[in-house]
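Here are a few notes to read alongside the model. Take them one at a time, and look up each residue as you go.

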Amino acid sequence: MKVAVAGCCHGALDKMYETLELLQRRHNVRLDLLLCCGDFQAVRNEADLRCMAVPAKYRHMQTFYRYYSGEKKAPVLTVFIGGNHEASNHLQELPYGGWVAPNIYYLGYAGVVRFRGVRIGGISGIFKSHDYRKGHFECPPYNQQTIRSAYHVRNIEVFKLKQLKRPVDIFMSHDWPRSIYHYGNKKQLLKMKSFFRQEVESNTLGSPAASELLQHLKPTYWFSAHLHVKFAAFMQHQANSKEELPKATKFLALDKCLPHRDFLQIIDVEHDPSAGDSLEYDAEWIAVLKATNSLVNVTQSSWNMPENNGLHAKWDYSVTEENIKEVLEELNHNLKIPCNFTLTAACYDPSKPQKQVEPVHTINPQTTEFCAQFGLTDINDRIQQAKEEGSVRGEYEEEEEEEEMDSTGSAEEPSEYNTDNSGLSSINPDEIMLDDEGGDEDLSTCSVDPSPDHPPDFSASFSDIRIMPDSMAVSSDDAMDSTNEELEKSGVSKQAEEKSLNERPLKRIGANENGNSGIKKIKRRNQAIYAAEDEDKTE
């Protein structure tokens, strides 16, 4: 089947779909699926804009609201992950994934679905070490810290994905897996983006969590965005046993959505001709969600996932064939994801500006239904309960004082990663940069994008990242030049921080009610992003 892959969309859905239509006519092909690797910007109204971490200068409504309202419908099934420039209040309603508009599906904090027999997984957000071991505690209205920490990857999502045993065909992450640049044309990459050199040479560019998943999942394709540059790589994995067949991953990073940029890639993916045209749940993933439900954490406390290190009674949460069979029986072997999209906020009306709407913490009916069906914890409901009980911090602090330790993790263990990455320490002209000292400015006209809140510790050696697989032995640049060219011929050819919880009542939504969030303006280090014309002149 024909699959189109897009980089950072930045809310320009009309532009993206128009480009798709043009490509289909030009090449006489019919696209079956569109994948978007983050910074999708599902902005419904002005309040959503204020919940999005971008400078006020670039806070534009764009065109998603037309698809949310039903004025328009996506011409092709669209599946996307979150990045670091999103309407976080909107996506937070769907922690396990769901429809943000008819025919547009969000994978959640992490998720796996199937389409025509093809297994598609993804993880939303970007990596920041100081938030990695925390729970999903944020909720609107966000403050200057939580507007950024809300989209930081958490270890529980990585842990869940690492329980998967069955092969994954396609995987998406917003930031790149660390070290992937060693498996493509690194010389050409540094020629186009010379400011990456320090991170590349110190091996601190990219996400170590994504690298860990790449090593474990070994998908056929891995797509990323974030750095606003197209880059292809080919990584050959080492077999874990003599019985295991060698596997390889074709990696492709996409540029951002611009009319005259190569931001889309169309690939041919083998599929099951007998499979239906509906997006489907993945039975193993649902079983993993059920198995790991006890690990859900909605506190700011740091907590490591269970490991086989003598500190945990249980560390293996992978599922059996019997567990998967139980899920199938629960669903009567009907894995089709219900088309149960519901409006949960007022839609933008150009004739009636609503610039001062108060943010509302919303529970989405899709999430309620999903959790009820599979016996899962509704994270937003748990956050609200914890707030009402005054125990978001207290219950965990008491456990630590009593030195309690159970199978769900340990606060005494050291962090898995001692450096902050994925954020660039050098200035990237294609990224929105933020200073930490922005508290004196008005958050109602915000800003955000990659710039290191905590720059990587370049004194740390490569061995500090313990998840680096043996298979990631660096190949020579010369060897990778030809590999990159082959990938291009075969068609496989940006961040922010921190924490806090706010005292706003939760609002359960049935339909046609709105949720917003207030934000403060954050200082920018760089203004050269999003302006297509300026950027093109420099590339």
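1. Which residues lie nearest the centre of the largest cavity? Please keep in mind that this is a predicted model. The residues to look for are Y106, Y109, S124, A150 and Y151, and the whole lining of this cavity has 21 residues.

2. Stay with that cavity for a moment. Its volume is about 200 Å³. Helix 4 (residues 88-92) gives the largest share of the lining, three residues. By type, the lining divides into nine nonpolar, eight polar and four charged residues.

3. Now turn to helix 10, which spans residues 283-291. Seven of its nine residues are buried, so the rest of the structure largely encloses this helix. The buried ones are A283, E284, W285, I286, A287, V288 and L289. Among the elements that cover them are strand 6 (110-115), strand 7 (118-123), helix 6 (155-161) and helix 11 (321-330).

4. Is E284 buried or exposed? Its relative accessibility is 2%, and buried means under 20%, so E284 counts as buried.

5. What does the side chain of E284 meet there? One of its polar atoms lies 2.8 Å from the backbone nitrogen of K165, and the backbone nitrogen of R166 lies 3.3 Å from a polar atom of this side chain. Leaving out residues up to four places away in sequence, E284 also touches others, including R119, Q163, V319 and I324.

6. Finally, find the N-terminal end of helix 10. D282 caps this end, with a side-chain oxygen 3.3 Å from the backbone nitrogen of E284.

Conventions. Residues numbered from 1 in each chain as written. Predicted model: local features only at pLDDT ≥ 70, side-chain atom pairs only at ≥ 80, totals over all residues. Heavy atoms only, no water. Helix = DSSP H or I, 4+ residues; strand = E, 2+ residues; numbered from the N terminus. Buried < 20%, exposed > 50% of the residue type's maximum accessible area, 1.4 Å probe, protein only. Polar contact = N/O pair within 3.5 Å; in protein donor to acceptor, adjacent residues only side chain to side chain. Contact = heavy atoms within 4.5 Å. 1 Å grid on protein atoms, 1.4 Å probe; cavity = no way out; pocket = protein on both sides within 12 Å on 5 of 7 lines; lining within 4 Å. Points joined across faces, edges and corners; volume = space filled by probe spheres on them. Nonpolar A, V, L, I, M, F, W, Y, C, P; charged D, E, K, R; others polar.
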